[in-house]
Amino acid sequence: MVNLDHATPDVTRDRTGLRRDVGLIGLMWASVGSIIGSGWLYGAEKAVVLAGPAAIISWLIGTVAIVLLALVHAELGGMFPVAGGTARYPHYAFGGLAGMSFGWFSWLQAATVAPIEVEAMIGYAGHWDWAKGFQNANGTLTVSGFIVAVVLMAVFVLVNFLGVRILAHTNSAATWWKIAVPLATIFIIAVSNFHPNNFTAHGFAPFGAKGVLSAISSSGIIFALLGFEQAIQLAGESRDPKRDLPRATLGSVAIGATIYVLLQVVFIGALPLSSFAHGWDKLDFPGISGPWAGLATLVGLGWLGVVLYIDAVISPGGTGLIYTTATSRVSYGLSKNGYAPKGFTLTDGRGVPWFGLVVSFVTGVICFLPFPSWQQLVGFITSASVLMYAGAPLAYGVFSDRLPHHERPYRLPAGKVISPLSFVVANLIIYWAGWDTLWRLGVAIILGYVLLGSYALYATAKRRPDAPRMDWKAAQWLPGYLAGLGLISWQGGFGGQGHIPLWWDILVVAAFSVVIYYWAKATASRPEEIERSIDEVVVTDAPAH
């Protein structure tokens, strides 16, 4: 059960209407429930096709990258326990323009995950005859599939409307299942079908370093490991955020990464040799459209296959549920910072930001119209996610210099080294997603500037008190960062022109990242401006006494 206390009314609701009802287990399960989603159903198969057995190395590299980012977020989450935290840290450090930008990256990532999880649910359901007509051959939804997708999104929103306590209980039950099924799958398949020779049949790394690196972004590895920030997004509803946020953040990464690495090892070892006789990139077997369920059936574990097809509804469903929550909380944070209309801060009698939920539903429905199936969206969402996360190391660097005496319930060891390193790693992950993904992300970024920028101009013209200060000077590095990363991707070897050779491109991205990191630190807001920004938001989010 979720660890929720029945606190007295004067401390369970903050001045903006959010209820502080969620304990450590509720926060951790929010993150674990996001990490263990459709990624475990598809990630191992997609990764081995790109990297061969060396996909294990891809998962380990991805884990290190996510741990670095999670460590930075753990300190920031303890320092600033506010709703929609990832959308606010850059705002504190660099003012309005950077805050608006990273807030949009955060919302874009959160709003598009739930539709992807619905796509995954429908994709696995194609195993049954009654669901075969839900998708076209290219993975897009048919009319009947679209109707089913809209109904599933409506269910996510409905559960959220029941309030944070019901949400936490529902997510807790789903998460216990989501952890138990992968662990049981690992044990049962490993005991009954495991062939060590599979790891060397075509060479351990048949596609070399490029295959290993490509798999990190393109196969769903980073996408699968993302989600630790959900505890931070719910900080405004945590009973004891300064104590619980760091524990929930790091604990969820440890649980998720362990499960995913074991899944990759067992998937490779359990495959019949005939399934990859023509090479890992030609991997094929009956039921591969639902990789784990198909594999279980193939090796004579039909009953487990049935369980996995059921899990293909529950696991993505739980993740979609919590990301629907996150979307409304991120839009809440954007509105609190003055980047979006105040309607996003409206809450109902249960403390639920209802307008943000309605918008998240509409966004999900729109996503079903032009977007293809799960695997074709992973690179896009990975890039949007990591671009969102990249703001945290930059903000950390600023706070370590300008707010050295601010209370830190969790203090990151060697933070002055880990922070720039995590920024480098974030940019490498974005680069490895490939140019074909990044130019589309660029279009989405421009759309965000049009939407949020238009509202900011409107609020300023009307002289509204919540109109954001753009702080162009503090964010002068931002255009160079976005354009420079795009230019490197265009000229690089991951879907680009190929003018920057492998390994040299990594050096270029690393050097570029270090320059941006210290440029951002040098031009960030002054300490008094940071304190004022924090006071403007944190005071209104503090529990009422």
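A residue counts as buried when its relative accessible area is under 20%, as exposed when that area is over 50%, and as partly exposed in between, using a 1.4 Å probe and protein chains only. The model is predicted, so local features need pLDDT of at least 70 and side-chain atom pairs count only at pLDDT 80 or more, whereas totals for chains, interfaces and linings use all residues. Residues are numbered from 1 along each chain as its sequence is written, and side-chain values use heavy atoms, with hydrogens and water left out.

**Salt bridges**

- Taking a salt bridge as a side-chain nitrogen of Lys or Arg within 4 Å of a carboxyl oxygen of Asp or Glu, the count comes to eight.
- Arg526 and Glu528 pair through their side chains at 2.8 Å, N to O; Arg526 is partly exposed at 47% relative accessibility, and Glu528 is partly exposed at 45%.
- Glu45 and Lys46 form a salt bridge at 3.4 Å, N to O, in which Glu45 is buried at 7% while Lys46 is partly exposed at 21%.

**A link between distant parts of the chain**

- Asp401 and Lys521 meet in a salt bridge of 2.9 Å, N to O, joining helix H17 (residues 391-402) to helix H21 (residues 504-523) across 120 residues.
- Asp401 is partly exposed at 37% relative accessible area, whereas Lys521 is buried at 14%.
- Lys416 belongs with Asp401 and Lys521 to a network of salt bridges.

**Helix H9**

- Helices are DSSP runs (H or I, at least four residues) numbered from the N terminus, and in H9 (residues 208-218) the buried residues include Gly211, Leu213 and Ile216.
- Gly220, which follows H9, has a positive phi near 105°.

Technical notes. Helix = DSSP H or I, 4+ residues; strand = E, 2+ residues; numbered from the N terminus.
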